[in-house]
Amino acid sequence: MPDPFTRGAPADGSRETQAPAAAQAVPEVHFAPPATALRAQDNERRKESVPPVMELRDVSVSYGDFKAVRDTNLPIDHNRITAMIGPSGCGKSTILRALNRMNDLIPGARVSGTVTYHGQDIYAAGVDPIQVRRHIGMVFQKPNPFPKSIYDNIAYGLRINGIKGKLDDQVEQALTGAALWDEVKDKLKTSAFALSGGQQQRLCIARAIAVQPEVILMDEPCSALDPISTAKIEDLMRELAKIYTIVIVTHNMQQAARVSHSTAFFTAEVDDRQVRYGRLIEFDETDRIFTNPSDERTEAYVTGRFG
Amino acid sequence: MTTTVPPAERADAGPPSLRPSGLAPRRRIINRVAQVLITLALVVAVVPLAWVTIAVLARGFQILSWQFLTEDIPNSYRRHGPGMAPAIVGTFLITGMAALMAVPLGVFGAIYLNEYGKQKPLAQVIRTMADVMTGVPSIVMGLFIYTVVVVVTGEKTGFAGSLALACLMLPIVIRSSEEILRLVPDDLRQASLALGARQWRTILTVVLPAAISGITSGALLAIARAAGETAPLVATIGITFAVNPNLFSGQNTALPAQIFRNASQPFEGAQERAWGAALTLVVIVFVFTVLARVVVSRFAIKER
């Protein structure tokens, strides 16, 4: 896509104006009090004082020799929903998976730059990816419950975290948290596969929150669901954002506009050697991204004039 | 010829025919011919199977009796009458011991190949070796064990036969289990890992349960094949006419070996016993297959 309006490093520029002090000085470990009732209405209120939970600095992800996403700088703020939008192949899922080291599972995938979680580099030597994933959970595009009962799907995460004995309370809590309890409370012992797609996805969310992560990554969680199930999950996300920090990748711009507080727009570009790669173009409050974006490419995409 | 004509241009005003006669004759004939050929192929495939089954049942039942199952083998091929107990005991013990060695080892091997080794050179080598071993004739396994075990210990034993059968089963178990593990969706592994589970835990609590029915049927296939193997046993276990429950000492015998020995005698009594042994073997394999199916369906989580 030819772009006559290229400014010097637009992604970086636009971001730094948004997150000034926070980006520079990240204290070693900072545990913000959970559930500091940040509601959707609080969109405009930017927590200047609280450093981001996670931050990407100059993050590039390569698959073998191919640098798929380049130089991403992005803060993930506490108790907010951060959406990543952009066309296919722009690297938003790749960046999402870099946040809890799921890229480790892909042979040849390599992450450069730094991804910090409470100021600690999660790719540093000596960091256990298992520990990272216990704090940063994930919900996948396709509902992927285990071939176990509904109860065992939730209990699994608790058991691997060393919680023994009766788990009924925690299971109920997690299912209630995922707005699924009323629908399944009478059939906890039946297979998770007996649930509808939307219920399965909420089960996966319940499974993720049962282990009480701080951040939940969602990779197009509604793309396989019908509009009613999607609406339920979106309501759920708004509820969850009171307690958790959520990062969501979505192809559905309306969804990003509906649920997220801030939005990152990625796109695919072609470098000098004719290689397509993904990059972050703009990161801002969701309202601004959709009403008054500072980059022309963002505007073209959100208004549907893209490609 | 029926051709596609837009409805408006069709000559007759009536609704289009939905009966088969509305089709072009050529298509109807080809359809008929294909149906007949497919049915014929099925019949041709089933005939030998049914024939074998009927023959074994008819001839075997003539001699099968409680005595046949419980009495020792007459030590003269000329003599008529039962029994086959030493071979039945031998088959259970030898095949069971072989399964005990080959199935866990094979499943672990498959887990290494599919979950850890993947495309690493070592995994590739093992995979190729397993493929080659699957194609090795069973007599070669028998002779191998004969030279490295029987000659060294100086004794033919049931255990030597178990080793030979285990060698035979191992590559089958490895390859069939690996295929099944490959069918377990990666989504499940990722879901587990994303919850903070370690890889061994993911394999043990998510991957294996999802694959257990397939692995079991693969292992069963290997056991069934081993139970019917003759050549490696003839070379390694020797012969006995009385029950020998000790796999590690003394010669032993098994049903396939008895079928082979007795069927190749010119005496009617021996041939009768061969048919009886054949029927016993078929029934044992059949019962085990059915049992395994039942067990597997109990294991498998209900879809609804």
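Modeller: Gln274(A) sits in the loop of chain A that runs between strand S9 (262-270) and strand S10 (276-285); helices (H or I, at least four residues) and strands (E, at least two) are DSSP runs, numbered from the N terminus. This is a predicted model, in which local features need pLDDT of at least 70 and side-chain atom pairs count only at pLDDT 80 or more, while totals for chains, interfaces and linings use all residues. Residues are numbered from 1 along each chain as its sequence is written, and chains are lettered from A and ligands numbered from 1 in the order in which they are written.

Although Gln274(A) is not a glycine, its phi is positive, at about 60 degrees. Gln274(A) counts as exposed because it has 6 C-beta neighbours inside 10 Å (exposed: 12 or fewer other C-beta atoms within 10 Å of its own, with C-beta atoms placed from the backbone; partly exposed lies between this and buried, 20 or more).

In chain B, Lys118(B) is likewise not a glycine and has a positive phi, of about 45 degrees. Lys118(B) belongs to the loop between H3 and helix H4 (121-135) of chain B, and it is exposed, since 11 other C-beta atoms lie within 10 Å.

Another loop of chain B, between helix H2 (66-70) and helix H3 (85-117), holds Gly83(B). The peptide bond joining Pro82(B) and Gly83(B) is cis, with omega about 20 degrees.

Helix H8 (residues 199-227) of chain B has 29 residues, yet its end C-alpha atoms are only 35 Å apart, short of the 42 Å that a straight helix would reach at 1.5 Å a residue; the expected span is 1.5 Å times one less than the number of residues. H8(B) has a kink of about 55 degrees centred on Ile212(B), the bend at a residue being the angle between axes fitted to the seven residues ending there and the seven starting there.
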